[in-house]
Amino acid sequence: MVRKKVEMKRIENNTSRQVTFSKRRKGLLKKAYELSVLCDAEVAVIVFSQKGRIYEFSRSDMQRTINRYHKHENGSGPTNKVEVEQYVQHLKHESAIIAKKIEILEASQRKLLGNDLDSCPVEELQEISSQLERSLRSISERKAQLYTEQMEQHKARERFLLQEDAQLREECCAKPWMEFSPQEKRASASVSNEKAGASASAPINYRSQSSMSSEVDTDLLIGQPNGARC
């Protein structure tokens with residue numbers, strides 16, 4: 001069933017009006033309780049019936065809530081407006097100071113970059129030059145520090161690799177061939193093939209070999225050897 005839209009006007013029938021008042025009053029107080037619990041809000045509800053009966057709900061003391069309401073209502077008068085205007089003026093003053101500081105910093109940056117130097121006196125130029133020298137000195141020191149740290153890291157890496165290489169050599173010398181893994185054997189065979197290829201590609205000094213063979217003393221004797229008998 002579709003609920004019929006209730007027309008917002010006074011109910012003429014006394015009985016219907018009393019029933020509606022009772023239902024909606026309970027719903028209103030229930031909603032006030034749920035709002036105070038779920039949202040941790042300070043809620044106070046006061047309802048007077050047509051016959052003058054009072055119905056109320058307050059999460060805390062009703063009188064304290066009413067006093068708080070009156071205090072807030074009084075604080076929203078002209079005094080509060082004056083405080084707001086003073087706060088706005090304070091914010092404007094702070095904003096003007098910050099804008100002036102930004103302008104000074106931008107002008108200083110342009111001068112450090114070598115711009116707008118025509119109106120600078122000698123003293124200001126000397127101060128700018130000194131500031132640039134200090135900045136350059138700081139940059140050079142930082143760069144030297146980074147180079148030193150990188151060099152120390154490279155040296156430490158080199159020492160680690162040398163120690164690892166020495167340890168591997170010791171293990172290779174102390175380990176029989178049969179105990180090597182297939183990967184280690186293939187790596188060793190690859191190194192041997194590279195060495196063999198390098199030896200094969202080296203030129204042979206035939207001249208030195210021929211000269212050595214020519215220096216061999218060979219005596220050719222014709223006739224019968226000494227002491228031979230026919």
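Predicted model: local features only at pLDDT ≥ 70, side-chain atom pairs only at ≥ 80, totals over all residues.

**Core, patch and salt bridges**

Leaving out residues up to four places away in sequence, Val43 touches Ala32, Leu35, Ser36, Phe57, Ser58 and Arg59. Val43 also belongs to the largest nonpolar core. That core has 6 residues: Leu29, Ala32, Val43, Val45, Val47 and Phe57. Two elements give two or more residues to it: helix H1, 14-38, and strand S1, 44-48.

Now the surface. Which residues form a nonpolar patch there? Ile46, Phe48 and Ile54 do, with about 310 Å² of accessible area together. Ile54 sits in strand S2, residues 54-58. Its relative accessible area is 47%, so Ile54 counts as partly exposed.

Next, charges. Side chains of opposite charge can pair when their charged atoms come close. How many salt bridges does a search of the whole structure find? It finds 6.

One joins Arg59 and Asp40, at 2.8 Å, N to O. This pair links distant parts of the chain, 19 residues apart. Arg59 is in the loop between S2 and helix H2, and Asp40 is in the loop between H1 and S1. Arg59 is partly exposed at 42%, while Asp40 is exposed at 60%.

Another joins Lys111 and Glu124, at 2.6 Å, N to O. Here the link runs from helix H3 to helix H4, 13 residues apart. Glu124 is partly exposed, at 27%.

Then Arg169 and Asp165, at 3.0 Å, N to O. Both are in helix H4, 4 residues apart, so about one helical turn separates them. Arg169 is exposed at 56%; Asp165 is partly exposed at 35%.

Key. Residues numbered from 1 in each chain as written. Heavy atoms only, no water. Core = buried A, V, L, I, M, F, W, Y, C linked by side-chain atoms within 4.5 Å. Buried < 20%, exposed > 50% of the residue type's maximum accessible area, 1.4 Å probe, protein only. Contact = heavy atoms within 4.5 Å. Patch = residues over 30% accessible without salt bridge, like charges linked within 9 Å, V, L, I, M, F, W, Y side chains within 5 Å. Areas by Shrake-Rupley, 256 points an atom, 1.4 Å probe, with all protein chains shown as cover. Salt bridge = Lys/Arg side-chain N within 4 Å of Asp/Glu carboxyl O.
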